[in-house]
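Subject: Structure handover

Hello,

Here is the structure you asked about. Please open it alongside this note; what I found follows below.

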Amino acid sequence: MTEAPRTMQRVCFLLHLRPDRVDDYLAAHDHVWPEMLDALRDAGWHNYSLFVRPEDGLVVGYLETPDFDAAQRAMAATDVNARWQAGMAEYFADAAAPDRAMQPLQHYFHLA
């Protein structure tokens, strides 16, 4: 019996950095904790990328996952995510934790 391929949801989201903290935020991502990377993978975050527009701090994130809501819940349940989000909060314009300030975009077209 062969397993049916999983449908992957493509997710794109926006975040907003404080423009004066962009360089510090980028430097923090030079050494993402291995346990944070493992937690993301275990929670179902695949093909995850972050992009930044340095002049105004716009961050665009992209990931693929079978179920984005489940992937977010799985990350929210980890201690490492709570610690990471607390450390990243100082870089963001929004007072909410970065993972709660995500603004998902509507996916409407894909060319494979």
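Helices and strands here are DSSP runs, numbered from the N terminus; a helix needs at least four residues and a strand at least two. Please keep in mind that the model is predicted.

The largest pocket has a volume of about 480 Å³. Its lining counts 24 residues, and the closest to the centre are Met 36, Leu 40, Trp 45, Tyr 48 and Gln 85. Strand 1 (9-16), strand 2 (46-53), helix 2 (34-43), helix 3 (68-76) and helix 4 each give at least two residues to it. By class, 17 of the lining residues are nonpolar, 4 are polar and 3 are charged.

Next, a residue in helix 4. Asn 81 sits in this helix, which covers residues 79-88. Is Asn 81 buried or exposed? Its relative accessible area is 4%, and buried means under 20%, so Asn 81 counts as buried. Leaving aside residues up to four places away in sequence, Asn 81 touches Met 36, Met 75, Ala 76 and Asp 99. Met 36 also belongs to the group closest to the pocket centre.

Now the aromatic rings. A pair of rings is described by the distance of the centres and the angle of the planes. The count comes to 6 aromatic pairs. One of them is Phe 13 with Tyr 48: 6.4 Å centre to centre, 40 degrees between the planes, a tilted pair. Phe 13 is in strand 1 and Tyr 48 in strand 2, 35 residues apart, and the pair links distant parts of the chain. The two partners can be set side by side. Phe 13 is buried, at a relative accessible area of 0%, whereas Tyr 48 is partly exposed, at 32%.

Tyr 25 and Phe 92 form another pair. Why is this pair edge-to-face? The ring planes stand at 85 degrees, and over 60 counts as edge-to-face. The ring centres are 5.4 Å apart. This pair also links distant parts of the chain. Tyr 25 lies in helix 1 (residues 22-28), and Phe 92 in the loop between helix 4 and strand 4 (103-104), 67 residues apart. Tyr 25 is buried, with a relative accessible area of 5%. Phe 92 is buried too, at 6%.

Last, a cluster. Ring pairs join Phe 13, Trp 45, Tyr 48 and Phe 68. Trp 45 and Tyr 48 are also among the residues closest to the pocket centre.

Best wishes

Note on methods. Residues numbered from 1 in each chain as written. Predicted model: local features only at pLDDT ≥ 70, side-chain atom pairs only at ≥ 80, totals over all residues. Heavy atoms only, no water. Buried < 20%, exposed > 50% of the residue type's maximum accessible area, 1.4 Å probe, protein only. Contact = heavy atoms within 4.5 Å. 1 Å grid on protein atoms, 1.4 Å probe; cavity = no way out; pocket = protein on both sides within 12 Å on 5 of 7 lines; lining within 4 Å. Points joined across faces, edges and corners; volume = space filled by probe spheres on them. Nonpolar A, V, L, I, M, F, W, Y, C, P; charged D, E, K, R; others polar. Phe/Tyr/Trp six-rings, centres within 6.5 Å; stacked < 30°, edge-to-face > 60°.
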